[in-house]
Amino acid sequence: MSDTTQYRVLDFDCPTCASTVERALANVDGVQHVEVHYSTGRVEIEYDDSVANPAAFAETIENQGYTPQPA
Amino acid sequence: MNKQALTQYYRKHRKAIVTATSGLLYGGGWSLGYLTSFDLASATILILATIAGGYDIAKTAYHEVTNRTLGIKTLVTLAAIGAIVIGEYWEAAAVVFLFSLGSYLEGRTMRKTRTALQELLEMTPDTATVRRDGDLQEIPAREVEEGEVVVVKPGGKIPVDGEVVDGESAVNQAPVTGESAPVHKADGDEVYAGTVNQEGALEIRTTGAGSDTTLERIIRRVEEAQEAQSPTESLIDRFAKYYTPAVIVLAIGAYAVTQNAILSLTLLVIGCPGALVIGPPVSIVSAIGNAARSGVLMKGGEHLERAGKIDLVAFDKTGTLTKGETTVADVEGFGVDDDEVLSLAATAEKKSEHHLADAIVDAARERPTTMTDGGTTVAQADDTDVRHQSVPDPDDFDVVAGKGVIAHADGHGVVVGNRALLDDRDIDVPSRIADYVREREERGETVVHVVRNGDIIGAIAMRDELREAAPGVVAALRDAGIETVMLTGDNERTAAAVAEEVGIDEYRAELLPEDKQSVIEAYQADGYVVAMVGDGINDAPSLATADVGIAMGAAGTDTAIETADMALMADDLERIPYAVTLSKATRWNVLENVGLAVLTVTVLLAGVLTSYVTLASGMLVHEASVLAVILNGMRLLRY
């Protein structure tokens, strides 16, 4: 089943950074659709909950050097 | 402090700590090299400074490369590595330190822009007091169910959307509508989550809670608007995609030609697409956020950029420049009793849905059953002894669009309508009646004739009061260099009188609803960028035709919010000059930011080619320009 989750990243410091995080999240197993917005810092992830582990999302964002907050 | 707390602290302030460490090492290494001859020690410390500040940047650069989103961090990393390779340790450390400092400050200031809206959400209380099983219970606000009654004490914040079922109070609706003056609320009135109950206790039947409230919907829409790219933004984005690889190719080419490593590394640094890509989104996000807090919803950057070019504002008259509450101002019988005129007209008009018909029917109902004279005594709303007249149904009736009605009632043929309808039916208008009509119309009133069996027996004059703010709004727009025009279905004389009272530049009278669209199209063909202001429901087609459609009083009417490019949550005309001038300021702000960015890169490029600018100074100017555009954009938050 498909599920959606949101995070907020307040410390993006350039538009490319948001695109990089978007690409990285898209490569996480089970992620079907992802949108990362530089202007609002909003991260929206649509994923297959039988495959994806939501804990991996926050970790991926952190690995890129940004701080995800629950939204 | 235990280890976990320390880790948490480090995580939270990682950027600041990294920047400070790199800065200290850089300062130490530089001083050592400048003051002493311990060159090796100085070099070591500067390399450490580069690694301390550069590790995170390089890591992100690695992700940029693997995700094929080449960006500024890739360029900085290449420049720093290159500088170390050619032995320019000081330059390497300076570039990394300045970049870290710059992005730390940029992240911090952008955080302010990003959280501007969240403050609105924090207005909604977390818990609600509900009446359940006869008891008052305190439960989480998002668990309140539709139909449940919530009790809000004086001074308390309203936790849900709903309808007042008991109590009376003044409610400050600023978070939703941006109006600073409190609004009186009593039985049957709608209230919104996040607004503040100022005076009496209120009991509210819930219509929406949790994420299903007007405030939540507004914020979702505003965020969507902020995320939607404006034409300028998408243009720059497309450009930026090729820009970074192009800068790398240019740097390599420059080295191949000049063999000057410093020059080509400096090109990498100043080629960073900083201010250019950051400027426009900051301006637009700040402007949309500011507007939202003042009760103006902007649909997105594209609409905002278009609104910045508005040079003509068209107002629908009824309900926009006027209060939209038409009332009967005078009834005049010619040879018959005034009351008879009104009651015959009311019967004929009873089944019509036109606002003039409503006014006539209401006036007939409100007349006391016993009339002392033929005057225009109107029953007071609080006079409970008055028995309202009932208005009988007509035998049949037909609407003639834009002209009036033709009906049969009480055995008579009845026509209620304007001069055009009378002319169509070859009904003579005696000069005494024509004089009366002219006199009322010159006061800005709308007059209908009442005809019984072919003879005019009277006339009814109706008035829709002007909003107090209307003349000031028109004047404010003129001061901003914007022309104004009023569109109305009224006849020429009435329209002229109202137009003069408002002080509007131009008016177009006797328009049918579809004519309003053609008027707007005609202005557009003349090269005007036209904004149309209306209530968003009756004039939805003209709002859609205009370059910028502005709907008023949109709180609670989702259709208006859907169709309009801008929606004023409050029914407050005074927001129009604010919204229009904010759009203009935003457009300028975007241009300023793009201009500053291009100018900076041009000056830096000239500096590099003449060897005045090297890595460190290039980075300093570059980061300063990024901060400058962010701060410039953020001015719009306080517009």
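This is a predicted model: local features need pLDDT of at least 70, side-chain atom pairs count only at pLDDT 80 or more; totals for chains, interfaces and linings use all residues.
Me: Is B:E441 buried or exposed?

Reply: B:E441 has 20 C-beta neighbours inside 10 Å, so B:E441 counts as buried. This residue is found in helix 17 of chain B, which covers residues 431–441.

Me: Which residues does B:E441 touch, leaving out those up to four places away in sequence?

Reply: B:E441 touches B:V447, B:N491, B:R493, B:T494 and B:A497. B:E441 and B:D490 are 49 residues apart along the chain, and their C-alpha atoms are separated by 9.6 Å.

Me: How do I read contacts of that kind for a whole chain?

Reply: Take the contacts with a separation of 6 or more and ask what share comes from residues 24 or more positions apart. For chain A that share is 62%. For chain B it is 66%.

Me: How many helices and strands does chain A have, and in what order do the elements of chain A run?

Reply: Chain A has 2 helices and 4 strands. Starting at the N terminus, the order in chain A is β-α-β-β-α-β. Chain B has 24 helices and 22 strands.

Me: What does the radius of gyration say about chain B?

Reply: The value is set against the one that a globule rule gives for the number of residues. For the 639 residues of chain B the rule gives 26 Å, and the radius of gyration of chain B is 34 Å, well over that, so chain B is more spread out than a compact globule. The C-alpha atoms of chain B fill a box of roughly 115 × 65 × 35 Å along the principal axes.

Me: And what does the radius of gyration say about chain A?

Reply: A compact globule of 71 residues would have a radius of gyration near 11 Å, and chain A agrees, with 11 Å. The box for the C-alpha atoms of chain A, again along the principal axes, is roughly 35 × 20 × 15 Å.

Me: How is helix 1 of chain A placed against helix 3 of chain B?

Reply: Two things are read for a pair of helices: the angle and the distance between the axes. Helix 1 of chain A (residues 15–26) packs against helix 3 of chain B (residues 39–66) at an angle of about 60°, and the axes are 9 Å apart. The two helices are therefore oblique to each other. Their crossing is left-handed. From helix 1 of chain A the contact takes A:T16, A:C17, A:T20 and A:A24, and from helix 3 of chain B it takes B:T60, B:H63 and B:E64. By class there are 2 nonpolar, 4 polar and 1 charged residues in this contact.

Me: Which way do helix 4 and helix 10 of chain B run relative to each other?

Reply: An angle over 145 degrees counts as roughly antiparallel. Helix 4 (residues 72–85) and helix 10 (residues 261–270) of chain B pack at about 160°, with axes 8 Å apart. These two helices of chain B are therefore roughly antiparallel. The crossing of helix 4 and helix 10 of chain B is left-handed. Residues in this contact include B:L75, B:V76 and B:L78 of helix 4 and B:L265 and B:L268 of helix 10. The contact of helix 4 with helix 10 in chain B has 9 nonpolar, 1 polar and no charged residues.

Me: At what angle do helix 3 and helix 5 of chain B pack?

Reply: Helix 3 and helix 5 (residues 89–115) of chain B pack at about 35°, and their axes are 8 Å apart. This crossing of helix 3 and helix 5 of chain B is left-handed. Among the residues in contact are B:L46 and B:I57 of helix 3 and B:W90 and B:F97 of helix 5. The classes in the contact of helix 3 with helix 5 of chain B are 12 nonpolar, 4 polar and no charged.

Methods. Residues are numbered from 1 along each chain as its sequence is written. Chains are lettered from A and ligands numbered from 1 in the order in which they are written. Axes are lines fitted to C-alpha atoms, for helices over the stretch in contact, and angles run from 0 to 180 degrees between N-to-C directions. Angles under 35 degrees count as roughly parallel, over 145 as roughly antiparallel, 65 to 115 as roughly perpendicular and the rest as oblique. A crossing is left-handed if the near helix is turned anticlockwise from the far one by less than a right angle, and right-handed if clockwise. Two residues are in contact if their C-beta atoms, placed from the backbone, lie within 7 Å. Ala, Val, Leu, Ile, Met, Phe, Trp, Tyr, Cys and Pro count as nonpolar, Asp, Glu, Lys and Arg as charged, and the others, Gly among them, as polar. The radius of gyration is taken over C-alpha atoms; the globule rule is 2.2 Å times the number of residues to the power 0.38. A residue is buried if 20 or more other C-beta atoms lie within 10 Å of its own, exposed if 12 or fewer, and partly exposed in between; C-beta atoms are placed from the backbone.
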